[in-house]
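Visitor: Please show me the model. I would like to go through it by question and answer.
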Amino acid sequence: MIVCSSRRWAGWSATHLVGGCHNGWVGQDKYFHCMASCQAAQKGMGGSAAAQCISDGREWFDQNIKGDSAADSAADQLANRLGRSSGQMSPAGSCSQMCGSYSPGGNFAY
């Protein structure tokens, strides 16, 4: 079993396997960037600041260590910003709805 992406936060995780990465799950990475940032921002200014710091560090690592493209990093950061701003504006709202523009079309149990 080879994992091509994994994110963990708020007590749940999302993982997809090589081969399934492009079968109905295209764009899932941006969805989870948005979701994590939204959930953190809903915790208040500290959560939003932490989400931004983590996002910036993660994207630096992804570009400089993993070799991800600048375009992919910029798209990740756009999803992070949408999540943070949505979470700040609606602390009791549904992050899955607010990040719906990034929804990969799959069914998630959370």
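Visitor: Is Asp76 buried or exposed, and what is its relative accessible area?

Guide: This is a predicted model, in which local features need pLDDT of at least 70, side-chain atom pairs count only at pLDDT 80 or more, and totals for chains, interfaces and linings use all residues. Residues are numbered from 1 along each chain as its sequence is written, and side-chain values use heavy atoms, with hydrogens and water left out. Buried means under 20% relative accessible area, exposed over 50%, and partly exposed in between (1.4 Å probe, protein chains only). Asp76 is therefore buried, at 1%.

Visitor: Which side chain meets Asp76 in a salt bridge with 2.6 Å from N to O?

Guide: Side chains of opposite charge can pair when their charged atoms come close. A salt bridge here is a side-chain nitrogen of Lys or Arg within 4 Å of a carboxyl oxygen of Asp or Glu. At 2.6 Å, N to O, the partner of Asp76 is Lys30.

Visitor: How many residues apart in sequence are the parts that this pair ties together?

Guide: Helices (H or I, at least four residues) and strands (E, at least two) are DSSP runs, numbered from the N terminus. The salt bridge joins Asp76 and Lys30. Asp76 lies in helix H3 and Lys30 in helix H1 (residues 28–41), so the separation in sequence is 46 residues.

Visitor: Is Lys30 buried or exposed?

Guide: Lys30 has a relative accessibility of 15%. Asp29, Lys30, Asp72 and Asp76 are linked in a network of salt bridges. By its accessibility, Lys30 counts as buried.

Visitor: How do H2 and H3 run relative to each other?

Guide: Two packed helices are described by the angle between their axes and the distance between the axes. Axes are lines fitted to C-alpha atoms, for helices over the stretch in contact, and angles run from 0 to 180 degrees between N-to-C directions. The axes of H2 and H3 (residues 70–89) come within 10 Å and cross at roughly 175°. Angles under 35 degrees count as roughly parallel, over 145 as roughly antiparallel, 65 to 115 as roughly perpendicular and the rest as oblique, so H2 and H3 are roughly antiparallel.

Visitor: Which residues in H3 are met by residues in H2?

Guide: Contact means heavy atoms within 4.5 Å. From H2 come Met45, Ser48, Ala51, Gln52, Ser55, Asp56, Glu59 and Gln63. In H3 they meet Ala70, Ser73, Asp76, Gln77, Asn80, Arg84 and Gln88.

Visitor: Which side chains meet Asp62 in salt bridges?

Guide: Asp62 is buried, at 2% relative accessibility. Arg58 is partly exposed at 34%, and Lys66 is partly exposed at 48%. Each is four residues from Asp62 in helix H2, or about one helical turn. The bridges span 3.2 Å to Arg58 and 3.7 Å to Lys66.

Visitor: What is the area of the nonpolar surface patch made by Trp60, Phe61 and Ile65?

Guide: Patches are made of residues with over 30% relative accessible area and no salt bridge: like charges are joined within 9 Å, nonpolar side chains (Val, Leu, Ile, Met, Phe, Trp, Tyr) within 5 Å. Phe61, in H2 (residues 45–66), is partly exposed at 39%. Accessible areas come from the Shrake-Rupley method with a 1.4 Å probe; for residues, only the protein chains shown count as cover. The patch comes to about 350 Å².
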